[in-house]
Amino acid sequence: MTASILIIEDDITFGVMLKTWLTKKGFTVDTASSIAHARKLLQHNTYGLVLSDLRLPDGDGIQLLEWMNEKKRHLPLIIMTGYAEIQTAVTAIKSGASDYISKPVNPDELLKKINDALSCPQPAADESQKKTKSPEHAAAGHNNGNQAWQEGYLEGNSEAAKQLFNYVKLVAPTSMSVLINGASGTGKEYVAHRIHQLSNRADKPFIAIDCGSIPKELAASEFFGHIKGSFTGALANKTGAFVAANGGTIFLDEIGNLGYEVQVQLLRALQERRVRPVGSIEEIEVDIRFISATNEDLQEAIKKGSFREDLYHRINEFTLKMPSLKERKEDILLFANFFLDQANKELNKRLLGFDFKAAEALQSYQWPGNLRQLKNTVRRATLLAQSNYICINDLGYDMKEEAAPASFPLRNEKREKEQILEALQQTNYNKSKAAALLGIDRKTLYNKLKLYNIEG
């Protein structure tokens with residue numbers, strides 16, 4: 001059956017181009033240039049998907065989404081938005097939009113997002129009113145296009161993130177050992193857990209061990225267990241991680257920190273799928289998927305003699321390279337808003353987002369500590385913030401130092417105008433609040449309104 005799409009776009013030329021292109025792709029397409037017109041079409045026609053511009057003459061896409069929820073018209077909705085409005089697009093996702101796409105629209109990306117949204121089963125009317133999804137539902141792959149919103153993490157929309165998680169989906173169903181290579185704070189454990197979730201072992205244990213935090217003399221006990229009295233301090237029998245993970249997945253983070261002797265024992269365990277608890281003469285068969293991670297160059301460690309080459313090849317049947325946060329700048333504000341939601345809940349606050357100077361600073365900062373540093377920065381800023389929005393002063397000294405000095409957060413006139421319009425819209429055209437959100441005084445805002453011929 002041919003899917004029917006409603007396009008809501010006040011740029012008539014662009015709307016016609018989209019309609020023509022989607023029609024050639026086999027869709028039935030109607031267009032509307034306002035929310036009022038769209039409501040009428042939605043009341044009298046059946047559609048499989050709505051593709052809406054964020055900013056429309058009589059409102060925005062979020063208001064349309066709210067109306068659709070009230071009227072129980074539960075359709076996937078994709079928001080089209082300018083890059084400067086990415087924070088509002090995140091709000092739309094939280095409000096129930098299926099996905100968003102930035103302008104200028106990439107046709108292939110749009111087609112993929114449309115097909116992804118149409119392929120996801122829509123919730124029943126009563127279920128769709130629930131604002132939160134269960135962890136099981138999230139893990140099952142209902143991920144708003146490329147947004148795997150889960151507890152503690154999201155995947156991201158950058159090309160680097162898409163490539164990484166495409167590889168994750170490819171390797172997850174196999175039995176291959178995976179080595180995840182990446183700097184500290186890039187989310188290696190999440191990726192390991194995601195591989196487990198997408199594997200046929202998802203209903204079995206996932207056991208994670210940080211090799212960097214285990215004293216070398218206790219590593220064998222942690223991995224393989226021990227029997228009572230096998231060494232000083234062994235006051236009871238201990239089940240090792242390999243036995244605890246039997247049937248499931250074991251993840252060893254910072255595997256390069258293991259001592260040479262433990263590397264020998266680990267290699268034997270992986271080759272024979274048997275472990276022997278410390279002090280025992282009996283072996284235990286284990287069936288595990290092995291995933292490891294490191295932030296160092298193991299091949300260099302092999303040259304230095306601190307890591308076994310045969311073990312390296314055993315654990316490295318498939319390598320995943322974690323991109324640093326500075327390599328995926330498109331995802332910074334997505335993660336910042338995600339971490340802000342977490343911090344709001346933890347600290348019992350209700351911050352709405354980041355003002356434009358703060359958003360600019362977040363995107364221009366190099367983030368040597370990657371996602372972990374960003375999360376800590378947002379958490380601290382949430383605690384310090386005194387208004388509805390996190391400002392650059394809340395982000396800390398380093399962020400202020402790196403922010404480009406300017407009387408206004410942006411130098412590009414087109415984007416500056418877009419941000420002024422967005423601030424006015426977010427504050428219901430209250431100029432004092434809009435000026436505060438933009439990080440400028442009221443007089444400067446009036447000058448900008450005059451410069452860009454923006455009427456209130």
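Are F338 and F339 buried or exposed? Both F338 and F339 are buried, where buried means under 20% relative accessible area, exposed over 50% and partly exposed in between, with a 1.4 Å probe and protein chains only. Keep that pair in mind; the tour comes back to it.

**Before you start**

This is a predicted model, in which local features need pLDDT of at least 70, side-chain atom pairs count only at pLDDT 80 or more, and totals for chains, interfaces and linings use all residues. Residues are numbered from 1 along each chain as its sequence is written, and side-chain values use heavy atoms, leaving out hydrogens and water.

**The whole chain**

Show the protein chain as a cartoon: it has 22 helices and 18 strands, which are DSSP runs numbered from the N terminus (helices H or I, at least four residues; strands E, at least two). Of its 456 residues, 49% count as buried. Among contacts (heavy atoms within 4.5 Å) with a separation of 6 or more, 70% are between residues 24 or more positions apart.

**Stop one: strand β1**

Select residues 4-8, which make up strand β1; five of the five are buried, so the strand is largely enclosed by the rest of the structure.

β1 and β2 pair in the parallel sense over five bridges; two strands pair if DSSP finds at least two bridges between them. Look for T31 in β2, the bridge partner of I7.

Next, select residues 49-53, strand β3, which pairs with β1 in the parallel sense over four bridges. Here L6 stands opposite V50.

**Stop two: helix α15 and its rings**

Select residues 332-347, helix α15. F335 and F339 are four residues apart in this helix, so about one helical turn separates them. Both F335 and F339 are buried. Their ring centres lie 5.9 Å apart with planes at 40°, so the pair is tilted. For F338 and F339 the centres are 6.0 Å apart and the planes at 50°, so this pair is tilted too. Rings of Phe, Tyr and Trp (its six-membered ring) pair if their centres lie within 6.5 Å; planes under 30 degrees apart count as stacked, over 60 as edge-to-face and the rest as tilted.

**Last stop**

Finish with F223, F224 and F242, which form one aromatic cluster. The whole structure holds nine aromatic pairs.
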